[in-house]
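Welcome, and thanks for taking a look at this one. Here is a short briefing to read alongside the sequence and the 3D view.

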Amino acid sequence: MKFVDEFRSPKAAQGYSRLIKKTITKPRVIMEICGGQTHTIMKYGIEEMLPEELTVVHGPGCPVCVTPLEMIDKALTIASHDDVIFTSFGDMLRVPGSKDDLLSVKANGYDVRIVFSPLDAVNIAAMNKDKKVVFFAVGFETTAPANAMAVVEAKRRGLKNFSILCSHVLVPPAIEALLSNRRTKIQAFLAAGHVCTVMGYEEYIPLSEKYKIPIVVTGFEPVDILQGIYMAVRQLEEKRYEVENQYGRVVSKQGNIPAKELLKTVFHTVDRKWRGIGTIPQSGFRLKDSYSEFDAEKVFDVADVEVNESPLCIAGEVLQGLKKPSECSAFGSLCTPEHPLGAPMVSSEGVCAAYFHYKKHERVAG
Amino acid sequence: VLVHVGFALSKVDEKEALSTIEMLREMGDLVDESKETE
């Protein structure tokens, strides 16, 4: 495929692998934020192409993984109503809540449906006026414009039976939270290319300056990742800390301006709890008051939900790059994609699932 | 275009893509040359 195959070229990958080895002079730690990039790294064996001095740690950029347990439990409560059609992207269905998951709710006879776009949920609402249709709006800045558009579209069509359970999260406050943790070893970031496609990368510049840390906006093909790593290593070796854009074919500095305007119209930023990490100030979107009739948390009485996290799961430390999945005692034994204890083992972007699929040999013995 | 959950997020910039691909080709040539000298 044009503009894809070229970025999977083994020769170019080998070239960057050699350049990185030639450039690095001491141990370095780089974090890729996005779960999509984590999967590319595992799938193409990129870690095996890197020098020993370089450690790549995996970040919290998996929307399903960081959606707080309270929100999953709220989804389960809302979905367990006879007059509700609960819609969601597929990978949320198997994420464990305190007791159950959405798939179990569906198995118990409630109407839970997978959709591929939030606009599908709006259409379902238009076709089922006697039901309340709820869409589980999770995701980073990449997905937020589509979810905002669904709300705008529902309003335009005068739908009174559509709402979203909104659990949006934002990358820059998460980077700040990771860097504020004294235990962090991260020296450079690969920023998520598709988040920056929407938002641009201007908001990363003050972060890079404040924490004196290189940030490279990076794409998702294997050569993109290797080139992004090379650019980050070169900055570290040259003692520079800037925001660079490896993914120039898709990302501009300003991002997608109409999409950003839409976000401003529909959402405002709020403090948001991240599963396993805790509350990060101003790190989430919530619907503005002018759209509150579409806010499922207001439509349904789900304010007080008691939560119960698995004591074995170390997802919080994994998502902050403090531990790798293979350091978890439950990895691959008590916790598998078939029977996940934590969300990172479920999602197609989850780091534990990536290790399970591509690096099972690193499983802890016993 | 780059599509995500039913929406076009961005158009791929052809000029920028071609210039990166050219750089990758040069990188591939360098790998070939260094193999020949090994």
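Predicted model: local features only at pLDDT ≥ 70, side-chain atom pairs only at ≥ 80, totals over all residues.

Over all chains, the structure holds 21 salt bridges.

**Chain B by itself**

- Chain B has 38 residues, of which 32% count as buried.
- Its elements are 1 helix and 2 strands, and they follow the order β-β-α from the N terminus.
- The accessible surface of chain B is about 2,700 Å², with 52% of that belonging to carbon and sulfur atoms.

**Where chain B meets chain A**

- The contact draws on 25 residues of chain B and 29 residues of chain A.
- Strand E1 (2-4), strand E2 (7-10) and helix H1 (14-37) of chain B each supply at least two residues to the side that touches chain A.
- H1(B) gives the most to that side, with 14 residues.
- By residue class, the side of chain B that touches chain A splits into 12 nonpolar, 6 polar and 7 charged residues.

**Buried sites in chain A**

- Helix H15 (residues 351-358) of chain A is largely enclosed by the rest of the structure, because 6 of its 8 residues are buried.
- The buried residues of H15(A) are Val351(A), Cys352(A), Ala353(A), Ala354(A), Tyr355(A) and Phe356(A), and their cover includes H2, E2 and helix H14 (315-319) of chain A.
- Asn147(A) sits in helix H7 (residues 144-156) of chain A and is buried, at a relative accessible area of 0%.
- The side chain of Asn147(A) makes a polar contact with that of His168(A) at 3.0 Å.
- Leaving aside residues up to four places away in sequence, Asn147(A) touches Pro118(A), Phe135(A), Ala137(A), Val138(A) and His168(A).

**An exposed loop residue in chain A**

- Glu52(A) belongs to the loop between helix H2 (35-43) and strand E2 (54-61) of chain A, and this residue is exposed, with a relative accessible area of 81%.
- Although Glu52(A) and Val84(A) are 32 residues apart along the chain, their C-alpha atoms are separated by 53 Å.

**Salt bridges in chain A**

- Arg28(A) and Glu237(A) join their side chains in a salt bridge (3.2 Å, N to O).
- Arg28(A) is in strand E1 (residues 28-34) and Glu237(A) in helix H11 (residues 222-237) of chain A, so this pair ties together parts that are 209 residues apart in sequence.
- Arg28(A) counts as buried, at 8% relative accessibility.
- Glu309(A) and Arg275(A) form a salt bridge through their side chains (2.8 Å, N to O), linking two loops 34 residues apart.
- Glu309(A) is partly exposed at 36%, whereas Arg275(A) is buried at 6% relative accessibility.
- Lys323(A) and Glu317(A) meet in a salt bridge as well (3.9 Å, N to O); Lys323(A) is partly exposed at 30% relative accessibility, and Glu317(A) is partly exposed at 23%.
- Glu238(A), Arg240(A), Glu242(A) and Glu244(A) are connected in a network of salt bridges.

Definitions and conventions: Residues numbered from 1 in each chain as written. Chains lettered and ligands numbered in written order. Heavy atoms only, no water. Contact = heavy atoms within 4.5 Å. Helix = DSSP H or I, 4+ residues; strand = E, 2+ residues; numbered from the N terminus. Nonpolar A, V, L, I, M, F, W, Y, C, P; charged D, E, K, R; others polar. Buried < 20%, exposed > 50% of the residue type's maximum accessible area, 1.4 Å probe, protein only. Areas by Shrake-Rupley, 256 points an atom, 1.4 Å probe, with all protein chains shown as cover. Polar contact = N/O pair within 3.5 Å; in protein donor to acceptor, adjacent residues only side chain to side chain. Salt bridge = Lys/Arg side-chain N within 4 Å of Asp/Glu carboxyl O.
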